[in-house]
Amino acid sequence: MDWTAYIILYTIFLMFYLMIILRRKKRLEQQRQKASLMREIPMISRLKCPKCGNVVERPFKHYEYVVQEVEKCPKCKKRKMVVEAIYHIMKKTPRQEAEEKIFEERWK
Ligand SMILES: [Zn+2]
């Protein structure tokens, strides 16, 4: 083979390599955007003491799950509190608020 064939093969290889890198970069950016979206929505964990029934709501910690036993109850200090629910509160859209107002007025 002469040099031109080598050069052509090399450029083809480079183009494929660049394509793969660019595609991977795009995917990473999308994942990062999703992660930042999740961070903007405040997640809340509701904990309940199985002994005295004390309920505490606090920001969600990573790797927490429902029925997991977490920190001790601040009220009776005897048992660990259990994660009862994990949720986030979405803000209402202006349309939802208007609809609720109309509904309330109708059923007064
Ligand atoms: Zn308790």
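Author: A residue is called buried if 20 or more other C-beta atoms lie within 10 Å of its own, exposed if 12 or fewer do, and partly exposed in between, with the C-beta atoms placed from the backbone. This is a predicted model, in which local features need pLDDT of at least 70 and side-chain atom pairs count only at pLDDT 80 or more, while totals for chains, interfaces and linings use all residues. Residues are numbered from 1 along each chain as its sequence is written.

Reader: Is Y63 buried or exposed?

Author: Y63 is exposed, because 6 other C-beta atoms are within 10 Å. Y63 is found in the loop between β2 (55–59) and β3 (69–72), and Y63 has a positive phi of about 70° although it is not a glycine.

Reader: Which phi does K77 have, and where is K77 found?

Author: K77 also is not a glycine, and its phi is positive, at about 55°. K77 is found in the loop between β3 and β4 (80–88), and K77 counts as exposed because it has 10 C-beta neighbours inside 10 Å.

Reader: How are the helices and strands defined, and how many of them does the protein have?

Author: Helices (H or I, at least four residues) and strands (E, at least two) are DSSP runs, numbered from the N terminus. In this protein the secondary structure comes to two helices and four strands, and from the N terminus on the elements run α-β-β-β-β-α. The radius of gyration of the protein is 27 Å, well over the 13 Å that the globule rule gives for 108 residues, so the protein is more spread out than a compact globule. That radius is taken over C-alpha atoms, and the globule rule is 2.2 Å times the number of residues to the power 0.38. Along its principal axes the C-alpha trace spans about 85 × 50 × 15 Å, and buried residues make up 5% of the 108 residues.

Reader: In which sense do the strands β1 and β4 pair?

Author: Two strands pair if DSSP finds at least two bridges between them. Strand β1 (residues 43–48) and β4 pair in the antiparallel sense over six bridges, and the bridge partner of S45 in β4 is I86. β1 and β2 pair in the antiparallel sense too, over five bridges, with L47 standing opposite V56 in β2. The hairpin of β1 and β2 has six residues between the strands, and in this hairpin G53 takes a positive phi near 80°.

Reader: Where does Q30 lie, and how many Å separate its C-alpha atom from that of L9?

Author: Q30 lies in helix α1 (residues 3–40), and 32 Å separate the C-alpha atoms of Q30 and L9, which are 21 residues apart along the chain. Q30 counts as exposed because it has 10 C-beta neighbours inside 10 Å.

Reader: What span should helix α2 have, and what is the count of buried residues in α2?

Author: The expected span of a helix is 1.5 Å times one less than its number of residues. For the 13 residues of helix α2 (residues 94–106) this should give 18 Å, and the end C-alpha atoms are 19 Å apart, which agrees. Helix α2 is hardly covered, since the count of buried residues among its 13 residues is zero.

Reader: Which domains does the domain assignment give?

Author: Domain bounds come from an automatic or database domain assignment, which here gives domain 1 (1–40) and domain 2 (42–94). The centres of domain 1 and domain 2, taken over C-alpha atoms, are separated by 43 Å.
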